[in-house]
Amino acid sequence: MKALVYHGRKDVRYEDVELENRVGSHDVRLRVKAAGLCHTDFNEYAHGPLYIAQTPHVRTGRSIPLVIGHEFSGEVVEVGTEVREFRAGDRVAVNAVDSCRHCFYCRRSLYALCPTAAYIGFGRDGGFAEFAVVPALCCHRLAPNVSDQAGALVEPLSVALHAVRQAGTEVGSRVAVVGGGAIGLCTLQALRAVGVRDVLVLEKAQVKARFSEELGATAVLNPDQVDPRAAVQDLTDGLGADFTFECVGSAQALRTAVSVTRPGGTVCVAGVFPEAFEFDFNDLLSQEKKIVTSIAYGDEFPLVIGMLADGRLKAEPLITNTVPLADALEKGLFRLENLAATNVRTMIAM
């Protein structure tokens, strides 16, 4: 089968991969229907290996070279002997966290914290391929009115919903989102879906600012044109945001997030940082601002699928570019950084 295979930094290849014949007793084989190209994939390409397994993973035994891709949906074509919940023809979204399901963290639905978790696309072969073999426990059946493309975006929407829950966001609070990219727009939607009325988005790119407005932002501020702290205070009775979400993954974005948050407020870091940087924690300490972090998701997949089905969340507006698998390198991955100002999510259509 054809797949995008990670061999190392600046070395991802579109090549033939031997189709894995064996489907484990608790696995399913999927015909991949759609896959989202995430900025984390680009970070692995440009700056990695960061999270992808460089030595045999303790859970899967797999390491580079690996098929990448962690946002995808598929159709079940084969099930393992112990799988009862799925059958051929079922359409599913794939939770990329393959965890043990019995440790301290898994028993509390904190699957991303499982010490042996193997992320699909990082610790085992992922979804940038014609077929994928994944654990049945990682699959969630899609509602009939949720498209394959929306199914592929259940993953980033779950990242966003998990961040909203992780921060302890309260209905009636005033919230700022730093960054109008895919995770920022997903976070905006998740906040509105759980009942937050006032959401301010800080975004420089005009196209993404327009997306933010269309998806329900109360106001969109360009930090290159206004003082972010002063502008947010003007819109919050001089206080600042109760909760702020950093959805970029940069030092400047984090500093901006801290600055626009009111004293005693909470900053949730949801962006992934490609490199280390210095940060002055006195900016938090002096005003008792709290900082929490959020990675991946726990039990959010079924919630997100339900919200897509009833219309509280919308996935299709996030898709700004669609390419076939054969063109996903030249027209997708390699161009991702250059298209950052206008592209939200590139979808690979199988």
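Residues are numbered from 1 along each chain as its sequence is written. In this predicted model, local features need pLDDT of at least 70, side-chain atom pairs count only at pLDDT 80 or more, totals for chains, interfaces and linings use all residues, and side-chain values use heavy atoms, with hydrogens and water left out.

Biologist: How many disulfides are there?

Modeller: A disulfide is a pair of cysteine sulfur atoms within 2.5 Å. For Cys38, the nearest cysteine sulfur, that of Cys186, is 9.9 Å away. For Cys268, the nearest is that of Cys247, at 7.6 Å. The count is 0 disulfides.

Biologist: Which residue forms a salt bridge with Asp148?

Modeller: A salt bridge needs a side-chain nitrogen of Lys or Arg within 4 Å of a carboxyl oxygen of Asp or Glu. Asp148 lies in helix α2 and its partner in strand β6 (residues 91-94), so the pair ties together parts 57 residues apart in sequence; helices (H or I, at least four residues) and strands (E, at least two) are DSSP runs, numbered from the N terminus. The closest N and O atoms are 3.1 Å apart, and the partner is Arg91.
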